[in-house]
Each structure stands twice: as C-alpha cells, then as structure tokens.
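Visitor: I am new to this structure and would like to learn how to read it. Could you take me through some features one at a time?

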Amino acid sequence: MTPKIKINVKNISRVPISKKMIYELVNSLLVAVDQNSIDVNIIFTDDIELKKLNAQFRDKDKFTDILTFPFDNSMNFLDHSNLINSQDGDIYIAINQTLNQAKDKKISHSLELKHLILHGILHLFKYDHVGIDDELLSIEESILGINIH
C-alpha cells in the first residue's frame, strides 16, 4: 500500500530543498518504519524564533536546530500553525543553525535538512534517543545512505 503523505511547508524558498524531495524522503521513511500515513507541517524559520520557542516550550534559553511538536488536542497551537493544518505535528527547523552544522560536518545544507526532517518525523512517531547506537539514528542513516552523526 502506498503511504498517505500530507506535508505543508512554510518558507521552503529559503532552503536548498524542494517539496518533491521532502515527499520522496518522507515516503522512504514511512516504508522503513512501516507507517502508512503522515500529516505534518514543516516550518523553516530563523534561529532567533527557534530559540524563543525552545525557551517557551522547553525552558531552554539556547539555540537549537530543530523542535518537534506532536499534535495534541490540549496543546495551544503555535502562531505559524494557525496558517496551515496540523495532524501529526509541527517541525520547526532553524535555517542558519542548520547551515552552520552542515559546514561543521562538511556536508551539504540539503543533506543536513533531510537528516533533520527525518529526525523530526521519527520523533513524531515516538522514536527517541536511547543510546549512542539507537534505532532512531540507524533509521536516519539507512535512508540517507550515509553516517551523518
């Protein structure tokens, strides 16, 4: 059965990745983790906005590359979310932070973004970090075909 994928993207023109590339990536992930659907909002934003969200929702007043917010009936939606529908959750990705990480890792910005999109969706599917060789990292690397960590 072909997975049902619904992705809403905000500010994609600011990053070197297309919506088509995101769909292909997410399709590969759904097949790999035996899921049949996803409805996600991916918001590319600036580092300051993500730092504010990190402080507000995680009590961590520091920069981060990605925040994942699973859909929850009791959760008040974030400002950007009222512009687009949400089902499984919202993924916020900091553009400049990810660009710097890509440079540090000596990989393309596109590859770093793909990695983080996979990472965020896996968190929506309740995968978490268990150890240095955890399943979440293994799934990401198997889909990307490269050791990204």
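Visitor: Is Glu 112 buried or exposed?

Guide: Burial is read from relative accessible area: under 20% is buried, over 50% is exposed, and partly exposed lies in between, with a 1.4 Å probe and protein chains only. Glu 112 has 0% relative accessibility, so Glu 112 counts as buried. This is a predicted model, in which local features need pLDDT of at least 70 and side-chain atom pairs count only at pLDDT 80 or more, while totals for chains, interfaces and linings use all residues. Residues are numbered from 1 along each chain as its sequence is written, and side-chain values use heavy atoms, with hydrogens and water left out.

Visitor: Which residue meets the side chain of Glu 112 in a salt bridge?

Guide: A salt bridge is a side-chain nitrogen of Lys or Arg within 4 Å of a carboxyl oxygen of Asp or Glu. Here the partner of Glu 112 is Lys 105, at 2.8 Å from N to O. Lys 105 is partly exposed, with a relative accessible area of 32%.

Visitor: How many salt bridges does the structure hold?

Guide: Two. Lys 20 and Glu 24 also form one, and their closest N and O atoms are 4.0 Å apart. Both residues lie in helix α1, four residues apart, which is about one turn of the helix. Lys 20 is exposed at 61% relative accessibility, whereas Glu 24 is partly exposed at 45%.

Visitor: In what order do the elements of the chain run?

Guide: Helices (H or I, at least four residues) and strands (E, at least two) are DSSP runs, numbered from the N terminus. The chain has five helices and four strands, and their order from the N terminus is β-α-β-α-β-β-α-α-α. Of the 149 residues in the chain, 44% are buried.

Visitor: Which residues of helix α3 are buried?

Guide: In helix α3, residues 95-105, they are Ile 95, Thr 98, Gln 101 and Ala 102. These four cover an arc of only 125 degrees around the axis (taken from the directions from the helix axis to the C-beta atoms), so they sit on the same side of α3. Lys 103 and Asp 104 are exposed on the other side of α3. The cover over the buried residues of α3 includes β2 (37-45), α2 (47-58), β4 (89-94) and α4 (109-124). Just after α3, Lys 106 takes a positive phi of about 60 degrees.

Visitor: How many residues does the largest nonpolar core have?

Guide: A nonpolar core is a set of buried Ala, Val, Leu, Ile, Met, Phe, Trp, Tyr and Cys residues joined through side-chain atoms within 4.5 Å. The largest one has 33 residues, and those with the most contacts inside it are Val 26, Ile 38, Phe 44, Ile 93 and Ile 117. At least two residues of this core come from each of β1 (4-10), α1 (19-32), β2, β4, α4 and α5 (135-144). The largest share, eight residues, is supplied by α4. Another core, of seven residues, lies apart from it; among its members are Ile 43, Leu 50, Leu 53 and Leu 67.

Visitor: What does Val 9 touch?

Guide: A contact means heavy atoms within 4.5 Å. Leaving out residues up to four places away in sequence, Val 9 touches Lys 19, Ile 22, Ile 42 and Phe 44. Val 9 is in strand β1, and its C-alpha atom is 5.8 Å from that of Ile 43, 34 residues apart along the chain. For the chain, 63% of contacts between residues at least 6 apart in sequence join residues at least 24 apart.
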